Amino acid sequence: MASTSYSSPSSSIKLLLFIVPLIIIAGLVSVLGPNPSNWTLIQNPPLSWTSQNVVAVDFHDSLFNQSSTPPISIQPVIDQQLENKDKEIVNASQNFPNTNSMNESHILQEKQNLPRKFSILDRTEAGLLQARAAIRKAKYENQTQDIDYVPSGPMYHNPNSFHRSYLEMEKQFKVFVYEEGEIPVFHNGPCKNIYSIEGNFIHAIEMNDQFRTKDPEKAHVFFLPFSVAMMVQFVYVRDTHDFGPIKKTVKDYINVVSEKYPFWNRSLGADHFMLSCHDWGPETSKAVPNLFKNSIRALCNANTSEAFKPTKDVSIPEINLRFGTTHGYLGGPSASKRSLLAFYAGGLHGPIRPILLEHWENKDEDIQVHKYLPEGISYYDMLRKSKFCLCPSGYEVASPRVVEAIYTGCVPVLISDHYVPPFNDVLNWKSFSVEVSVKDIPNLKKILMNVSPRQYIRMQRRVVQIRRHFELNSPPKRFDVFHMILHSIWLRRLNFRVHADQ
């Protein structure tokens with residue numbers, strides 16, 4: 001008997017259910033086709049730092065400081081999770097059926113041919129990338145000529161790199177100064193007394209045509225032009241010990257500029273900077289968490305035990321201009337004409353100076369330590385007679401005596417703990433100063449006597465040579481204190497990359 005072949009109804013239904021979805025998908029693909037606008041260009045994601053928009057590129061120590069730490073690559077590190085995500089996308093595409101390989105190739109080709117639109121921020125960051133490369137390259141090249149000054153000698157960690165960095169700064173660095181705020185608290189500051197650097201810097205940057213830009217899109221950094229010294233005078237309620245009104249002023253100001261402009265929120269303040277020489281500058285920065293944590297803080301009181309971070313913050317010199325000018329302060333005799341070993345005169349401010357006076361006041365003719373100078377004796381004449389000038393910290397780590405010593409050609413003796421000297425990313429302080437810890441104050445004379453006459457002469461000449469970096473000029477001159485502060489901020493800006501929101 002002949003057999004008959006047939007398919008059961010259930011098998012036909014299963015086959016139909018399998019084929020119909022394939023027909024629908026094929027129809028959709030043929031109708032829609034490849035659409036390049038649906039493809040996303042995946043760029044190198046930022047390294048997590050303070051926000052997902054900022055890439056930390058911490059490399060300046062390897063440029064200038066003679067550190068044993070191996071150099072860190074200036075290329076941003078790609079976030080591992082996003083890198084893995086890219087791989088997942090590629091792997092997923094490889095697992096699709098190969099029935100439409102020509103269509104897939106067309107889509108990938110369209111994606112690759114898409115023109116990349118570069119923003120102003122992209123071009124700004126590209127310029128910084130070129131500057132980093134030029135600075136690194138200069139480390140191994142011959143000295144660049146300069147009509148004004150060519151850094152050289154052991155006073156610099158790497159003079160070639162510093163010079164190239166300075167020239168790159170002059171070529172492209174731009175600062176946007178927020179115009180919001182009113183005098184006397186904003187756009188103003190003292191130009192006399194120990195806080196003189198606040199007013200001098202504010203006035204200099206606002207009058208500057210080379211570095212200041214009126215177009216915030218072209219700026220590398222953004223300056224918050226408030227003066228802590230002026231807030232203490234006009235906002236603080238005397239004898240209350242209440243920082244609240246000062247902090248509220250700063251917080252309200254940042255709220256205003258962050259609502260009016262996109263730049264603070266874009267980087268969470270990382271490309272913004274404040275400048276203060278007042279003792280309350282570090283505390284004032286705590287008014288806004290991102291100002292304290294992310295922003296560049298240019299401070300006289302550069303105390304690492306109080307959260308000063310040398311890789312992010314900037315140490316600036318405290319300069320006491322009693323009459324608003326350096327006239328009469330600069331200059332002194334050569335090393336061979338200085339007869340006194342060491343000198344100090346000053347009040348008992350803070351915990352260190354009482355220790356100094358306890359051990360050395362009226363104890364040794366070679367080390368003249370006074371609470372008050374005898375009548376008729378000039379303070380600056382004593383500085384010029386001395387080989388070493390003692391610079392103990394007061395209530396805060398900074399002291400104007402450091403600059404007073406440098407101005408008069410006296411080798412500064414830094415007596416402090418946790419102090420980061422100004423411009424230490426460029427200047428090798430050990431080559432022209434002596435650092436003494438508080439516990440070694442009893443051994444002060446022994447430490448200074450161990451400096452040989454030949455070594456002292458070298459140190460004294462180096463003090464004279466680096467003095468230009470601490471001089472206040474009006475208008476500013478190349479390589480002076482105004483430009484050195486800007487250069488320190490420039491270096492911090494080279495340390496990270498800002499991304500616009502995607």
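Please keep in mind throughout that the model we are looking at is a predicted one.

With that rule, the count in this structure comes to 20 salt bridges, and I would like to begin with the one between arginine 212 and glutamate 179, whose closest N and O atoms are 3.8 Å apart. Arginine 212 sits in the loop between helix H7 and strand S3, while glutamate 179 sits in the loop between strand S2 and H7, so this pair ties together parts that are 33 residues apart in sequence. Is arginine 212 buried or exposed? Its relative accessible area is 16%, and because buried means under 20%, arginine 212 counts as buried.

Compare this with lysine 286 and glutamate 283, whose side chains meet in a salt bridge at 3.4 Å, N to O. Here lysine 286 is partly exposed, at 41% relative accessibility, and glutamate 283 is partly exposed too, at 24%. There is also a network of salt bridges, which links Asp146, Asp148, Glu170 and Arg478.

Let me turn to the sheet, which is open and has five strands in the order S8-S7-S9-S10-S11, with parallel pairing. Strands S8 and S11 are the edge strands, each pairing on one side only, and the twist from one strand to the next averages 20°. Two helices pack on this sheet: helix H13 touches S7, S8, S9 and S10, and its direction makes about 125° with that of S8, whereas helix H17 touches S9, S10 and S11, with its direction at about 95° to that of S10.

Which residues have the most contacts inside the largest nonpolar core? They are Phe388 and Leu390, in a core of 95 residues, and the largest share of that core, nine residues, comes from helix H18.

Finally, I would point you to glutamate 318, which is placed in the loop between strands S6 and S7 and which, at 6% relative accessibility, counts as buried. Its C-alpha atom is separated by 6.2 Å from that of serine 399, although the two residues are 81 apart along the chain. Leaving aside neighbours within four places in sequence, glutamate 318 is in contact with several residues, including Ile194, Cys277, Cys300 and Val403.

Key
Residues numbered from 1 in each chain as written. Predicted model: local features only at pLDDT ≥ 70, side-chain atom pairs only at ≥ 80, totals over all residues. Heavy atoms only, no water. Pairing = 2+ DSSP bridges. Helix = DSSP H or I, 4+ residues; strand = E, 2+ residues; numbered from the N terminus. Axes fitted to C-alpha atoms, helices over the stretch in contact; angles between N-to-C directions. Contact = heavy atoms within 4.5 Å. Buried < 20%, exposed > 50% of the residue type's maximum accessible area, 1.4 Å probe, protein only. Core = buried A, V, L, I, M, F, W, Y, C linked by side-chain atoms within 4.5 Å. Salt bridge = Lys/Arg side-chain N within 4 Å of Asp/Glu carboxyl O.
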